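This report covers a strand sheet, a helix packed on it, and a few local features. Please keep the sequence and the model open while reading.

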Amino acid sequence: MNRIICFDIETTGLEYSRGDRCIEIGAVEVIDGKITDRTFHEYINPDGKIIPPDSYMVHKISNAFLEDKPKFAAIAKPFLDFIGDSPIVAHNGFDFDFPFINFELAQLRLPQIPRTQQLDSLVIARNRVFGPKTYTLDALAKWYGIPLTARAEAHGALIDAEILAKVYLELDNTAPAPDISEIIAQQHAALEKQQRFGANFPRRSFPVPDADLAAHRAFMEKITA
């Protein structure tokens, strides 16, 4: 059985090192290339951290809504139990989701998600897909024809995890992109063998007109005088 977890988080801000907290986790199970009905989803009380307006406009989650929700300590162990030892996928996960969630886990002295278990769909996409102008989750979903109607009004961790799971399955079925540098080198090598290029390119000599040569000499004398 090939089991993979796709997950996403929403936070109070972008910098856990400055006190930002995780306020929502959504995770979706994928087994043998199919999304199952098993999910993990929790809203999380940020324990006094105020959600700034710019963050609220992204996910529309308020402190008032989270007031009666469990704190991270209460959901951390169930989350770890859900993912188990399966590979876990996040979009831009290496730069954001994994460091953020591991910081939260470290504060509780709980096991962190090891590097060997982490997959970043952004990195995979950059190596497999040539075409989208950007590699955001939205852009990739549109590239593969995956509807985004569920997140029309705001981001949500579970909604994004479900979209990510669909994108990941498409990426998993996309052959790795060829190494462009290798293709260029091969084409240059082939070009060098052609009669009219490379070392065999015919050299032609064009004599300089006397008037041009005289003008050049006069110019050089003027600037070196």
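Two strands count as paired if DSSP finds at least two bridges between them. The model is predicted.

**The sheet**

Five strands make up an open sheet of mixed pairing, in the order β3-β2-β1-β4-β5. The edge positions belong to β3 and β5 (118-120); each has a single partner strand, so one side of each has no neighbour in the sheet. On average, neighbouring strands are turned by 25 degrees against each other, direction ignored.

**Strand pairs**

| Strand pair | Bridges | Direction |
|---|---|---|
| β1 and β2 | nine bridges | antiparallel |
| β2 and β3 | seven bridges | antiparallel |
| β1 and β4 | two bridges | parallel |

Strand β1 covers residues 3-11, and β4 covers residues 88-90. Which residue of β4 is the bridge partner of Ile5? That partner is Ile88. On the β2 side, Glu10 has Glu24 as its bridge partner.

Ile31 is partnered by Lys34 of β3. Ile25 is partnered by Glu42, again in β3. The two strands form a hairpin, with two residues between them. Asp32 sits in this turn and has a positive phi of about 50 degrees.

Is β2 enclosed or open to the outside? Ten of its ten residues are buried, so β2 is largely enclosed by the rest of the structure. Burial here means under 20% relative accessible area.

Helix α7 spans residues 157-172. The helix lies across β1, β2 (22-31), β3, β4 and β5. Its direction makes an angle of about 35 degrees with β2.

**Positive phi in loops**

Most residues other than glycine have a negative phi. Asp47 has a positive value, near 60 degrees. Asp47 lies in the loop between β3 (34-43) and α1 (53-59). With a relative accessible area of 47%, Asp47 is partly exposed.

Lys60 also has a positive phi, near 60 degrees. Its place is the loop between α1 and α2 (63-66). Why does Lys60 count as partly exposed? Its relative accessible area is 39%, and partly exposed covers the range between the buried cut-off of 20% and the exposed cut-off of 50%.

**A nonpolar surface patch**

Which residues form a nonpolar patch on the surface? They are Phe219, Met220 and Ile223. Together they have about 290 Å² of accessible area. Met220 belongs to helix α9, which covers residues 210-224. Met220 counts as partly exposed because its relative accessibility is 34%.

**In brief**

The sheet is open and mixed. Met220 is one of the residues in the nonpolar patch.

Definitions and conventions:
Residues numbered from 1 in each chain as written. Predicted model: local features only at pLDDT ≥ 70, side-chain atom pairs only at ≥ 80, totals over all residues. Heavy atoms only, no water. Patch = residues over 30% accessible without salt bridge, like charges linked within 9 Å, V, L, I, M, F, W, Y side chains within 5 Å. Areas by Shrake-Rupley, 256 points an atom, 1.4 Å probe, with all protein chains shown as cover. Salt bridge = Lys/Arg side-chain N within 4 Å of Asp/Glu carboxyl O. Helix = DSSP H or I, 4+ residues; strand = E, 2+ residues; numbered from the N terminus. Buried < 20%, exposed > 50% of the residue type's maximum accessible area, 1.4 Å probe, protein only. Axes fitted to C-alpha atoms, helices over the stretch in contact; angles between N-to-C directions. Contact = heavy atoms within 4.5 Å.
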